Every structure is written in C-alpha cells, then in structure tokens.
Amino acid sequence: MCGIVGYIGPKKASEVILEALRKVEYRGYDSAGIAVSNSKIEIMKDAGKIAEIEKRNDFSSLQGTVGIGHTRWATHGEVNKQNAHPHTDCTGTICLVHNGIIENFAELRERLGKLGHKFKSETDTELVAHLLEENLKTAKGDFKKAFFDMLKDVEGSYSFVIFRQGERKIYGARKSCPLVIGIGKGEMFFASDMPAVLDRTREFVFLGEAEAAILSDGGYDVYDAAGKKTSRPSKHVDWTPQMAQKEGYPHFMLKEIFEQQATIRQSSAVDVNWAVNELKRAKNISIIACGTSYYAALVFKHLLASECGIRADAVIGSEFRSGVFDKGTCAIAISQSGETADTLSAVRFAKGKGARIIGITNVFGSSLTREADATVYIGAGPEIAVVATKSFTSQLVVLYKIALTLAGKKKELLQLHDLSGVAEAVLSKSGDVEKLVGELAKKKDFFFIGRGVYFPIALEGALKLKEIAYLHAEAYAAGELKHGPLSMLEDGVPIIAIGNFDENMVKLVTNVKECKARKARVLAVSDHLGLLAEADWKFAMPAVPGLFAPIIYILPLQLLAYYMAVKLGKDPDKPRNLAKSVTVE
Ligand code: F6R
C-alpha cells in the first residue's frame, strides 16, 4: 500500500521518479506527488490517478537531480491534495514520503502542536517531518542524528524516504513495510517494489526489518535500528523490465491471465524439497494466508487430506488467534507479496509459540522470507495488476508439488509438468467467455457453487468478480444452498456451477436442478456433459487429469471477471478502494 520512490543521480529526478511511480501505482492510486531539491524544495502533488494528475500538473517543470515521489492509498485523512505526499515541516526544508501507519499519531500531534508546529494536512506522515525539524534542533543541526532519533520515537509500521534542502543525500528506513535500494550506473534509487526501477537496474539491496539506509551520489550505507553501520550486499535479480510491461495487452490483468500457460510450467520446476523436509518433521500443520492466497491454502488443506492423509488447519491471517501453534507445528504462510501485514502478524504469533515457518511467496527478499525458516519462491514473475491471477495458479502448482512429493506420488508429479498445455487450450477459448458477458453483465447478483476442492475455486471466482466488476457475488459449497441461501434465488439469478466429473458430480447436478426449479439460470464450467446439459450458459472444459483440474478451472472464472469489468467500464488493473500488498492490519 502506497508506492514510494527516491532518486539521486545525474538525471532529471522528476522524470525518473514519475516513470517509477507509474510502475508501482498498483500499490495505491488515490493521489500522487513528487518533490525535488533545487535552491529550495519544490513539490507538485494532487488527488487522483497519475494519468489524471498529469493533465493538471507539469511534473517535467520540476528541475533537480535529487527527489522523492509517492502514490497513495489513503489511511489517515481523506483523499485530497493537502493529504497527498510528499509532506514537509514548518520550514519547508525537510520533505518525506511514507508507507504504513504511525500508531502514536495522536500523542505526536499533541506534543508537536504544543511546541508550536502548524500542520497542513490530516496525515500521520506530516507529523514525522515536524518531528525531524524538532529533533534537528536538539541534534544541533546533525540531520543523521535527528533521523535516527525520529526512528526511536515513531511507533507503528513504516517505510520512509526523506530528503532535506541543500544535502545530496536520501534517507530511508523500513519496519513492517517494504523498501529496497536499487543500484544503477552512477545513480541510486529507493523503491517500495523492484518493478519501479527494473528498467534501470537489476541490482538490489533488501533492507532487513527496522533497518535504515542513506543514499548518496557515491553509493549507500545501511544501518541497524540503533544507527550502527551494518553490511547488506546487493543481489542480482532475474526479473526483466519486460515482465513489468503490458506488452500489447490492454491491461496487466489480461496479460497475467494469459501468462499462466508459461508460469504454470515455470512453477512446476520450483524446488520444494526444503519445505517437504520441514513438513515431514512436523507433528501438526497450519496454513496461514489472506484473500486469494487463503483460497490456495484451502486447496492445499484438501490435498493434504486426500493425497497424504494429513489433517491440517487453514487460518486466515487476521484471525490467527483461532489457530493452535506450538513447538510441533509447521506453519506454512502463503503470500504473493510476502508483505501482507495480517499474514506476517500471524507468522510472528506462530513463531512466538515455537512453530517452524515455511514461507511460500513470489517476491524475492520480501518480509516473509526473513521471518521464515524455509522459503519457496513460486516463480510467477512480477504481478502488476492489483488482483491476483497468475500468482494463484503458481501457488497451487507449488502446493500440489509439495503435497505430491510428501505423498511420494511420482507419476502425478510428472503430470503436473504437463498442465500448461491444458491451460493454453482453455485460454485459447477466451472469446467464448467474452461472449457470455453480453447477458451476464445485466445481472446484479451471482452465486458461485462447487463441491470439495471446487469450493475454494468458487470462492476465488466470486472474489475476482467482486473486486474488479463491483458486483455482488457469493460462493457456497453447493450442498450448503439448501441450508439457507436458496431463499435468495429469484427468477434469472445466475448460478455459476464449477466442477469436473468426479465423485461429487451427481450431487452437484442435483444442486443445480434445485436452483433451476427456483428459476435461477445456470452457467456450467465443467467437462461433464450431464451438468453442461442442465445449463443455460456453458463453458465446456477440456479433459484434465481430475486431481489437477482445480488449477485449470479457475482460468475461465478469471476471464469472466475480467470481461465483465471491461464491459461495465471498470478498470480491472486498479479496482476502487484496493491496492496490492496490504501492509496494514
Ligand atoms: C485478490 C487479492 C488479495 C490478496 C490478499 C493477500 O485478488 O489479490 O485478496 O490475495 O491481499 O495478498 P498476498 O498474497 O500478497 O499476501
């Protein structure tokens, strides 16, 4: 949440920062701003998405080769120009951007207010600029000391990027929010995510929890929380700039849906042995995740039961107190970003109880990788659209690989490698899904149903539709309809019935008939002729080995949500009120 960028080098900072901000706009897009240092600090900021702001503001008029920028997902204070970042102190010489939440906001506001500071915004961030101004007085003009004193004073989560008039340095710090350093040729960057500057460098330094860094023209220094210099060598990453571009697709979401024919194959080659060894030693298993990743957790729970005969617990990150963790627990935390605050809190809670942690993530060097005893990278490449698509199928492929390795099922492991061909076959029929949208886009309420392992797939299909098309969608284990939800069915309400021809199919067909008897209309996503025959609309799935079908069955549901959003005039890449990488609890 919130994209932040800092630049120091020979180039025009405003141009470099603007380009970088566009690439991390998925982190927040209700307002944005840039500040550069000249003879004085100049700031340009406004409410809206970057493309809208640019129509009203000429960022290129900002001269200077040091600067910082921000794209916001509002927490403190409504969305308006005053609350947009960057923020400054009373003198206008200290300027900063922030991602996170300052928890001792009220106390700081009172203390600084009493000292005579005047606030221009309602944000918690601005207080930090005034705190630095105050600290600078007691530090007798030593800004580095003022900076480290400030870090001791603020409570909560943050990544900061800060600069000061007349100094060719940028100060950065992180705690429970991401911040990386990019090392270019004669230039240095701060960014909340690597895609911001992938076209300029692939050399990154991953700051540890509660670490700080100071960038200068000559390079970077890293410090621990107490302000003691420490060493953090850089790492080369194999993500390419093309991976973070649309490459001819109208939206990142569509590009990422189509990429799955390749990412499913890539993820099937991931090494899971460490994770498997951890699981073999465990007395009990808990799976922790949020949102889409939680639905992957539910599929994994199902697989552990069906393929390995192992009972596991799936815990929503924010509900970690409902989980039981102890020294015998292996907790598997699944998170695309590796930065989800709810998931990380659950992981810390589980660790505190003595559990071992396996992290399953897509992002190299993310916070989860630092908390985990073993990490598996799912290998989906950068996911730029706010909603998860390719990361979900990559999570599933990796989780299947773990379960099948644990169960010693060699033949099935080989089949996992061949799935990408089926994905390609389904995606090649995207036009059939698009045609369905003509009628479905007139509907307001949707019910997704599935049985067994298709229930989490129904949940994920409904979540996609809610997130990007803003339509009311619910998902049920199909057998649950008769226990209450059937009363909501009216003439023409769409039921999306999902499932392949397995032991649950006869009952799913019965559930569909029950819906039809109440005049609901059915879209069947299935390979089963009996279910397809019952349906008003159909998406006939190709034959997929039954065990793996859930990985493939989500594809038409992703396409359905995408085409619905486009038909209804919504931006599927930047859904309202959401942001990628949810770093607040
Ligand atoms: C849905 C979506 C979210 C995330 C959730 C967890 O499309 O993207 O529900 O799945 O916020 O995020 P990660 O996986 O980064 O922990």
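Guide: Begin with an open sheet of seven strands in the order β5-β6-β7-β8-β12-β13-β14, paired antiparallel. Its edge strands, β5 (87–88) and β14 (229–230), each pair on one side only. Strands (E, at least two residues) and helices (H or I, at least four) are DSSP runs numbered from the N terminus, and two strands pair if DSSP finds at least two bridges between them.

Visitor: Before more of that, what sort of model is this?

Guide: This is a predicted model, where local features need pLDDT of at least 70 and side-chain atom pairs count only at pLDDT 80 or more, while totals for chains, interfaces and linings use all residues. Residues are numbered from 1 along each chain as its sequence is written, and side-chain values use heavy atoms, with hydrogens and water left out.

Visitor: Back to the sheet. How many bridges are there between β8 and β12?

Guide: Five, in the antiparallel sense, with β8 covering residues 169–175 and β12 covering residues 212–216. Lys169 stands opposite Ser216 in β12.

Visitor: Which strands does helix α5 lie across?

Guide: Helix α5 (residues 143–153) lies across β6 (94–102), β7 (156–164), β8, β12 and β13 (219–223), and runs at about 165° to β7. Such angles run from 0 to 180 degrees between N-to-C directions, with axes as lines fitted to C-alpha atoms, for helices over the stretch in contact. Contact means heavy atoms within 4.5 Å.

Visitor: And what does β9 pair with?

Guide: β9 (residues 180–183) is joined to β10 (residues 188–191) by four bridges, running antiparallel. β9 also pairs with β11 (residues 203–206), antiparallel, over three bridges. Val180 has the bridge partner Ala191 in β10 and Phe206 in β11. In the hairpin of β9 and β10, four residues sit between the strands, and Gly186 takes a positive phi near 70°.

Visitor: What about parallel pairing, where is that?

Guide: In an open sheet of five strands, ordered β17-β16-β18-β19-β20. The edges are β17 (312–316) and β20 (374–377), each pairing on one side only. From one strand to the next the twist averages 20°. Helix α7 (residues 273–281) packs on this sheet, touching β16, β18, β19 (356–361) and β20, and its direction makes about 150° with that of β19. Within the sheet, five bridges join β16 (residues 284–289) to β18 (residues 329–335), and Ile287 stands opposite Ile332 in β18.

Visitor: Change of topic. What are the domains?

Guide: The domain assignment gives domain 1 (3–241), domain 2 (247–417) and domain 3 (429–572); the bounds come from an automatic or database assignment. The C-alpha centres of domains 2 and 3 lie 25 Å apart. Between those two, 28 residues of domain 2 are in contact with 26 residues of domain 3.

Visitor: Where is the largest pocket?

Guide: The largest pocket lies between domain 2 and domain 3, because both give residues to its lining. Its volume is about 620 Å³. There are 31 lining residues, and Cys290, Gly291, Thr292, Thr340 and Val582 lie nearest the centre. Helix α8 gives the most to that lining, with four residues.

Visitor: How do you define a pocket, or a cavity?

Guide: On a 1 Å grid over the protein atoms alone, a cavity is a set of points where a 1.4 Å probe fits but cannot get out, and a pocket is an open set with protein on both sides within 12 Å along at least five of seven lines; lining residues have an atom within 4 Å of a point. Points are joined across faces, edges and corners, and a volume is the space filled by probe spheres set on them.
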